[in-house]
Amino acid sequence: MRYSQIRAFHYVAISGGFSRAAEALSLTQPAVSEQVRKLEGDHDVLLFNRDRKQVTLTAAGERLLLATKQFFEVEQQISDVLSENRAALEGTLRIIADSAFHLTHRLRIFRSKHPKVLVSVRTGNTADILTALRNYDAEIGLVGSLNPGPDMEIINLGTSPIVAFASREFLNNPTEKISIRELSQYPLVFREKGSKTRQKLEEEGLRQGVVLQPAFEVEGREAVQEIVAAGAGIGFVSEAELGRDKRLIKLQLDCPQLTMAESLVHLKQRSDVRLIRAFMS
C-alpha cells in the first residue's frame, strides 16, 4: 500500500470522479486510474462501481473513505502543529445546524478573528447532523439535544419551549394557548423524520393518547414556515427560533415540559483539529 495510491483513492472518492481527482492532484487521469487500479489489485478489493456516467463507492470503498478522511486529517494536524506559531488559521470550517439562529453572532465573532477561514453552513435535522459529524462530513454541529452521544463534545446553549404557530388567517378564533388534543383536529406541518422537535411532539401525543398525524411532511424549518404562512396548517418550532414574521401568530402549547435544548457539538476524537478548537473556544 503506497501513499500515492491512498491519496488517489481519496480524491476520486471525495470529488466523485477520476477526471476531477486528476485535476485536483495535478495529475493525468490515466495516472490516477492506475494508482486506484493497483490499490484494488494488490488487496483484491473493489472500491468503486464504475459505469460510463458516474463512479460510486462500494461498501468497502465507503469504509475506506472514512479511514482516509481520518488519515488525511491527522496529516493536516501534523502540519498545523509545525506551523501553528507562524501561520494564520486557514481552510474550510463545515458547520451543519438545525437552525442558523443560534450561530449568527458566533460566526461573526469567529470570522473577525480568523478572516482567512471559509465557513460553510448547511442545515439538517438532528439525525442528519450527527451522521455528518461521525462521517467526517462536517466539523461542527448545532443540534436540538443535550445528549447526542458519548462520542460528542458538547457545549449547552440553553433551552427554549416548543411552540406552535399558524398564519393569522388560519384560525377562526385565535387563542394564545392550545392543547395537544386540540392540535389533532387541525392539519399539522411536521419536519421530516429525524427532527427532534417532531419526535418530542409525537412522544407527548402518545403519552396523552393522541395521534398527531401530519398533513405535510416538509424538509427544513424555512420550508415549514412558508407552508404555514400560506395557511396550510399549524407548524412547530422552539420559541427562540420563531423570529418575527408578521404573517404568523404564536400559540403556546399546554405542555410546559416540551422544550428544546440547543447544543454545539463535535466529535471528541477530533478535539485536536485546529479549526474545531478555534471555533469552540
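Phe-170 touches Tyr-186, Pro-187, Gly-231, Ala-232, Gly-233 and Ile-234, leaving aside residues up to four places away in sequence; contact here means heavy atoms within 4.5 Å. This is a predicted model, where local features need pLDDT of at least 70, side-chain atom pairs count only at pLDDT 80 or more, and totals for chains, interfaces and linings use all residues. Residues are numbered from 1 along each chain as its sequence is written, and side-chain values use heavy atoms, with hydrogens and water left out.

Phe-170 sits in the loop between strand 6 (152-167) and strand 7 (177-178). Helices (H or I, at least four residues) and strands (E, at least two) are DSSP runs, numbered from the N terminus.

Now for Ala-21, which belongs to helix 2 (residues 18-25). With residues up to four places away in sequence not counted, Ala-21 touches Tyr-11, Val-12, Ser-15 and Val-32.

Ile-78 is part of helix 4 (residues 59-83). Together with Val-74 and Leu-82, Ile-78 makes a nonpolar surface patch of about 310 Å². Patches take residues with over 30% relative accessible area and no salt bridge, joining like charges within 9 Å and nonpolar side chains (Val, Leu, Ile, Met, Phe, Trp, Tyr) within 5 Å. A salt bridge is a side-chain nitrogen of Lys or Arg within 4 Å of a carboxyl oxygen of Asp or Glu.

Here is how these residues are classed. Buried means under 20% relative accessible area, exposed over 50%, and partly exposed in between (1.4 Å probe, protein chains only).

| Residue | Relative accessible area | Class |
|---|---|---|
| Ala-21 | 0% | buried |
| Phe-170 | 18% | buried |
| Ile-78 | 48% | partly exposed |

Two C-alpha separations are worth a look. Phe-170 and Val-12 are 158 residues apart along the chain, and their C-alpha atoms are separated by 51 Å. For Ala-21 and Ala-240, 219 residues apart along the chain, the C-alpha separation is 43 Å.

Zooming out, the protein chain has ten helices and twelve strands, and its C-alpha trace spans about 70 × 45 × 30 Å along the principal axes. Of its 281 residues, 45% count as buried. Among contacts in the chain with a separation of 6 or more, 75% come from residues 24 or more positions apart. The accessible surface comes to about 15400 Å², with 49% belonging to carbon and sulfur atoms; such areas come from the Shrake-Rupley method with a 1.4 Å probe, and for residues only the protein chains shown count as cover.
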